[in-house]
Amino acid sequence: MAIATPGAAPADSTAALTTPARAGRFGGTRRRTDPTRSGAAGKSPLQKLTPWFFLAGAVGLLLLFTYWPALNLFYFSVTDWDGIDLEKNFIGLDNYIEVFTDPRIFSVFGVSLYYFAASFAQMAIALYFATILSFSTRFSNLFRGILFFPYLINGVAIGFVFLYLFQPGGTLDTVLGWFGMVDPPQWLGDPDIVNWSLSATSVWRYTGMNFVLFLGAIQSIPHELYEAADLDGASRWQQFWAIIFPGIRRVIGLSFILAISGSLAVFEIPFIMTGGANGSATFVIQTLQTAFTFRNVGLASAMAVVLLAIVLVVTWVQRKVFPDEKVDLT
């Protein structure tokens with residue numbers, strides 16, 4: 001009978017484990033993995049197509065509700081369709097010729113000039129308050145909410161509120177009567193004043209949007225620049241022209257583009273408050289009247305295409321004249 005020495009394996013045990021085997025058993029040597037089970041090769045066909053399924057849904061909705069109606073718009077613009085009959089006769093470019101030759105159609109773009117001029121006042125007011133409230137100011141959050149609140153209200157509700165404000169004997173006339181004005185003008189009945197009243201309503205509503213854009217851009221400027229300017233003795237006005245204005249130039253350019261496109265496509269406020277009467281009809285209102293009142297969908301489609309082309313051209317010209325510049329304030 002063999003005597004086992006301490007630490008040695010028993011004589012009747014199986015063969016002792018070799019060093020590599022022990023290392024593989026206790027040291028945890030790295031197991032070889034099948035390369036076909038990892039990465040893209042291990043994915044099933046359904047897993048590979050899953051991202052495309054999500055993309056197809058978004059693209060499908062975009063094509064269905066944006067590009068397909070746009071294609072129909074181009075098709076209707078070369079027909080004489082009245083919106084009711086199933087038959088649509090092809091008439092070529094006659095609708096486009098009428099848009100540019102009929103002064104009653106193209107002259108309404110002059111109304112957009114009132115809203116375009118008001119947009120500059122809108123941006124100036126928004127930039128002024130955004131600059132003030134970007135610094136430490138008492139009740140700054142309250143003032144921010146007050147300025148942004150009108151933009152959250154529905155446009156139809158705003159139209160009815162200002163309709164009562166501007167009506168004869170309304171709120172505005174009552175307030176002006178406190179200051180001695182006994183014969184106020186017809187704010188919505190006088191063709192010389194109605195567009196100024198409507199554009200002022202637009203300023204009240206959309207100032208909050210520009211205010212939020214400017215405020216966010218100003219707050220993204222590094223605070224160290226203001227501290228350095230304070231050490232150099234720069235005033236707030238000098239800080240505005242040297243730091244704030246260059247830093248938010250791109251946002252100002254974006255607001256300018258939105259102002260142009262918005263002034264050309266004004267609809268809610270004049271439609272609710274006047275219905276386009278007294279010379280307040282915008283191009284969009286006239287397009288809707290042409291389509292649904294006069295039953296000429298073909299001509300209205302051509303007017304919509306012309307409006308889209310004008311907005312695209314104006315935006316392209318603005319981008320060429322005022323290109324984006326990389327601003328480095330550090």
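Me: Which residues does phenylalanine 116 touch, not counting residues up to four places away in sequence?

Reply: Phenylalanine 116, which lies in helix H5 (residues 109-133), touches Phe256, Ala259, Ile260 and Ser263. Contact here means heavy atoms within 4.5 Å. The C-alpha atoms of phenylalanine 116 and serine 263 are separated by 5.2 Å, although the two are 147 residues apart along the chain. Helices (H or I, at least four residues) and strands (E, at least two) are DSSP runs, numbered from the N terminus.

Me: What makes H5 and H12 roughly antiparallel to each other?

Reply: Their axes come within 8 Å and cross at roughly 150°. Axes are lines fitted to C-alpha atoms, for helices over the stretch in contact, and angles run from 0 to 180 degrees between N-to-C directions. Angles under 35 degrees count as roughly parallel, over 145 as roughly antiparallel, 65 to 115 as roughly perpendicular and the rest as oblique. At roughly 150°, H5 and H12 are therefore roughly antiparallel. The residues of their contact divide into nine nonpolar, four polar and no charged. For those classes, Ala, Val, Leu, Ile, Met, Phe, Trp, Tyr, Cys and Pro count as nonpolar, Asp, Glu, Lys and Arg as charged, and the others, Gly among them, as polar.

Me: How do you know how H9 and H12 are oriented to each other?

Reply: The axes of H9 and helix H12 (residues 249-264) come within 10 Å and cross at roughly 165°, and H9 and H12 are therefore roughly antiparallel to each other. Met209, Asn210, Leu213, Phe214 and Ala217 in H9 meet Val251, Ile252, Ser255 and Leu258 in H12.

Me: Why is serine 199 called buried?

Reply: Serine 199, found in helix H9, has 2% relative accessibility and therefore counts as buried. Serine 199 touches Tyr114, Tyr115 and Ala118, leaving aside residues up to four places away in sequence.

Me: What makes phenylalanine 139 exposed?

Reply: Its relative accessible area is 53%, so phenylalanine 139 is exposed. Phenylalanine 139 is placed in the loop between H5 and helix H6 (140-152). There is also its positive phi of about 55°, although phenylalanine 139 is not a glycine. Most residues other than glycine have a negative phi.

Me: Which helix has the lowest mean pLDDT, and which the highest?

Reply: Among the elements of the protein chain, helix H1 (residues 19-26) has the lowest at 46, and helix H9 (residues 194-219) has the highest at 93. Over residues 1-29 the pLDDT is below 50. Here pLDDT is the predictor's confidence in each residue, from 0 to 100. Where pLDDT is low, the predicted coordinates should not be read in detail.

How values were computed. Residues numbered from 1 in each chain as written. Predicted model: local features only at pLDDT ≥ 70, side-chain atom pairs only at ≥ 80, totals over all residues. Heavy atoms only, no water. Buried < 20%, exposed > 50% of the residue type's maximum accessible area, 1.4 Å probe, protein only.
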